[in-house]
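Thank you all for making the time this morning. I would like to walk through one model with you, moving from the overall fold down to a few individual residues.

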Amino acid sequence: MKKSLTLSVILLALLLVGCATNSNSQKESTYYQDLSSDNKTSVKFTFKINQDDTEDNTADPVYVVSANIKNSTNKNIKFDRSKFICVLPSNKLLSNKSGILTVKSGKSKNISQLFEKMPEQGTLGGGYIEYLNSDNKLAYTNFVKNVARSSNLTDKRLVNANKDVNANSRFESDSSDGSSDTNTSNSKSLTESQARKILGKWADSNGISSFSGSTLDELTGTEDDNNGWHFTAKDGTFWLVLPNGKIALSGQ
């Protein structure tokens, strides 16, 4: 009698565990864009850049962007990997991937080389990564130590710097019919914040700690007629950040 009762309890326990496991495995998945705002805040995105030495890095570095998605909701979440978009001031980068990705509740997934041919200028905060459309912004493209996180969406400085960046940015063209030159000549000018960050990175890479006695923040920024930015020190020395991200010094 005792053996029979014990066996029944064991079978019941196994049945309950099996039902729970089966229920979890059959949990329906929800597309990210269909989540509530609260659930979206529980999905964390981390984007990382790596320099791509297979590209021509003679003028400026070119990067690939990979992603990590952490799902802290109680739902399984689906993504169409082709619907990730990197919106920059003058062009878009479209996802290099395809197919459906499911990130289960409480789990993380990586997407390697989600974007290719990211220019260095595109890593300084003047742009954002979105899923499907601008209602689903995932992070600003402000890569600090090669990493940009979804938490930077609340950074007021980045919010202000991106007011003029929108999903109508022209698509990047690889065609050889001259359209690339047209896009460059018609591209939007740098914001002062973007230009100042470019100058700061240039100074760091050249071991420059002072701008003729002024700090980077103390330099006076003035936009010129050619969409570049002059940054002038107290003694009148200036550095010009060109629209293409190049630096010209006083007298050049």
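Among the contacts in this protein between residues at least 6 apart in sequence, 58% join residues that are at least 24 apart, where contact means heavy atoms within 4.5 Å. What you are looking at is a predicted model, in which local features need a pLDDT of at least 70 and side-chain atom pairs count only at pLDDT 80 or more, while totals for chains, interfaces and linings use all residues. Residues are numbered from 1 along each chain as its sequence is written, and side-chain values use heavy atoms, with hydrogens and water left out.

As for confidence, the mean pLDDT of the protein is 81, and 79% of its residues reach 70 or more; pLDDT is the predictor's confidence in each residue, on a scale from 0 to 100. Please be careful with residues 169-187, over which pLDDT stays under 50 and for which the model has 27 contacts beyond four places in sequence.

The secondary structure comes to 5 helices and 15 strands, which are DSSP runs numbered from the N terminus (H or I of at least four residues for helices, E of at least two for strands). Of the 252 residues, 34% count as buried, meaning under 20% relative accessible area, with exposed being over 50% and partly exposed in between (1.4 Å probe, protein chains only). The protein exposes about 14,600 Å², of which carbon and sulfur atoms supply 49%, the areas coming from the Shrake-Rupley method with a 1.4 Å probe, and for residues only the protein chains shown count as cover.

Let me turn to the sheets.

E2 (residues 43-51) is joined to E11 by 3 bridges, with threonine 46 partnered by arginine 149.

Which residues does threonine 123 touch, not counting those up to four places away in sequence? Threonine 123 is placed in the loop between E8 (108-119) and E9, it is buried because its relative accessible area is 1%, and it touches Ile49, Tyr63, Met118, Thr141, Asn142, Phe143 and Lys201.

A second open sheet has 3 strands in the order E1-E4-E7, with mixed pairing. E1 (29-31) and E7 (100-103) stand at its edges, each with a single partner strand, so one side of each is left without a neighbour in the sheet. E1 and E4 (residues 76-80) pair in the parallel sense over 3 bridges, and tyrosine 31 stands opposite lysine 78 in E4.

In the loop between E4 and E5 (84-87) we find lysine 83, which counts as partly exposed because its relative accessibility is 36%. Leaving aside neighbours within four places in sequence, lysine 83 is in contact with Glu130, Tyr131 and Leu132.

Finally, helix H5 (residues 192-205) has 14 residues and reaches 20 Å from its first C-alpha to its last, close to the 20 Å expected at 1.5 Å a residue, the expected span being 1.5 Å times one less than the number of residues. Its buried residues are Gln194, Ala195, Arg196, Ile198, Leu199, Gly200 and Ala203, and what covers them includes E9 (124-131), E12, E13, E14 (238-241) and E15 (247-249). Two of those covering strands, E12 (residues 220-223) and E13 (residues 229-232), run antiparallel and are joined by 4 bridges; in their hairpin, which has 5 residues between the strands, asparagine 227 takes a positive phi near 70°.

Definitions and conventions. Two strands pair if DSSP finds at least two bridges between them.
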